[in-house]
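Please look through the model shown below before reading on.

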Amino acid sequence: MKQVIDFVKANLEKEKQPAHALGFGKYFTDHMFMMDYNEEQGWHEPRILPYQPLTMEPSSMVFHYGQAIFEGLKAYRTPEGKIQLFRPDKNIERLNFSCQRMSIPTLDEALVLDAITQLVTIEKDWVPSEEGTSLYIRPFIIATEPYLGVRPSKRYKFMIILSPVGSYYGGDQLKPVKIHVEENYVRAVKGGVGHVKTSGNYAASLKAQEEAEAQGYDQVLWLDAKENKYVEEVGSMNIFFKINGEVVTPELNGSILGGITRSSCLQLLDYWNFPVSERRISIEEVFEAYYRGELEEAFGAGTAAVISPVGELSWNNQKITLPPSETETIAKRLYDAITNIQLGKEPDPFQWTVEVK
Ligand SMILES: *Cc1c(COP(=O)(O)O)cnc(C)c1O
């Protein structure tokens, strides 16, 4: 049976910012979704209410032991003014995957899709239409039981907030990024939670990101934690290389986050019959390919920026630069294909988009 989602309308509507001022994740819409969990009732009281601060006990478990997970997806405005989501089923599936690894009770996937759809419908005027903009959707779960013993919480809050966003790197789509290959810090180990969208992964990565930024880099490329040798991923993106005509991306090995953009790229490359492999790839192999003149492209893939070409890569006191290609790159081809489907400008052969009415 379909669960009814309660709705309390906000008294005041906030002022909307112009597209150029949006940035990423700075402004939030008028409403949010909330649902609670306890042992007696399970997940209960799904509701949409005015966006507002939370009142929580300082002893809430999330503050102490970090039991928290999140998702990130977007709603796009098509040229005809329709609104559509991109592969929301995949985000919801991954949300439950994260729940399982973090000992959080899983959610009814149909209800979550319903919650996202209803919330976006209520906030439809917040979906911007300018080039490169969208409405970012952030579902997340936190442990709310007031208790300091170490064990899974017995209470949780699942919330969804929305933020109108501009382009991730401010302006320029497909602007090449400078990447520092991290040799001191590690992000995740096999058996840990690197493959899960849990907040602590980001907390652990901030120091390396901060140091890389101080040296003029945009992001960090993580290597495997055991041998410091194999390429894993970039902070919030999966990584791809094009070497001698073939696209290569690290295989999902238990410490890499399985990105939905990554999977969309692989599906498209396959559809185009473009040579592609998912395998272990060492950073040494990447640099050797560069010195042989065979490293044709490197790019990151993630919801926030879709595709980010890598312009510079530094590792082991070596700095390599990938000049902008004269011919059309696979990064550009993937970017165009994915964004055209997201924006409803091209047919959607994979049925990736879901219209919100
Ligand atoms: C979310 C995320 C990605 C990208 O996943 P998408 O589903 O493509 O947005 C990559 N790496 C990490 C660590 C992430 O948290």
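Predicted model: local features only at pLDDT ≥ 70, side-chain atom pairs only at ≥ 80, totals over all residues.

**Threonine 117**

- Threonine 117 belongs to helix α3, which covers residues 109-122.
- A polar atom in the side chain of threonine 117 is placed 2.6 Å from the backbone oxygen of leucine 113, and this pair is a polar contact because its N or O atoms lie within 3.5 Å.

**The residues around the ligand**

- There are 15 residues around the ligand, and those that come nearest are Lys197, Tyr202, Glu233, Thr261 and Thr303.
- Sorted by class, the shell around the ligand is made up of 4 nonpolar, 7 polar and 4 charged residues.
- The ligand takes up the space of the largest pocket.

**Polar contacts and cover of the ligand**

- The side chain of tyrosine 202 has an N or O atom 2.6 Å from an oxygen atom of the ligand.
- The side chain of threonine 303 likewise has an N or O atom that is 2.6 Å from an oxygen atom of the ligand.
- At isoleucine 260 it is a backbone N or O atom that lies 2.8 Å from an oxygen atom of the ligand.
- On its own the ligand has 380 Å² of accessible area, and the protein covers 96% of this area.

Conventions. Residues numbered from 1 in each chain as written. Heavy atoms only, no water. Near = heavy atom within 4 Å. Polar contact = N/O pair within 3.5 Å; in protein donor to acceptor, adjacent residues only side chain to side chain. Areas by Shrake-Rupley, 256 points an atom, 1.4 Å probe, with all protein chains shown as cover. 1 Å grid on protein atoms, 1.4 Å probe; cavity = no way out; pocket = protein on both sides within 12 Å on 5 of 7 lines; lining within 4 Å. Sits in = over half its atoms within 2 Å of the grid points. Nonpolar A, V, L, I, M, F, W, Y, C, P; charged D, E, K, R; others polar. Helix = DSSP H or I, 4+ residues; strand = E, 2+ residues; numbered from the N terminus.
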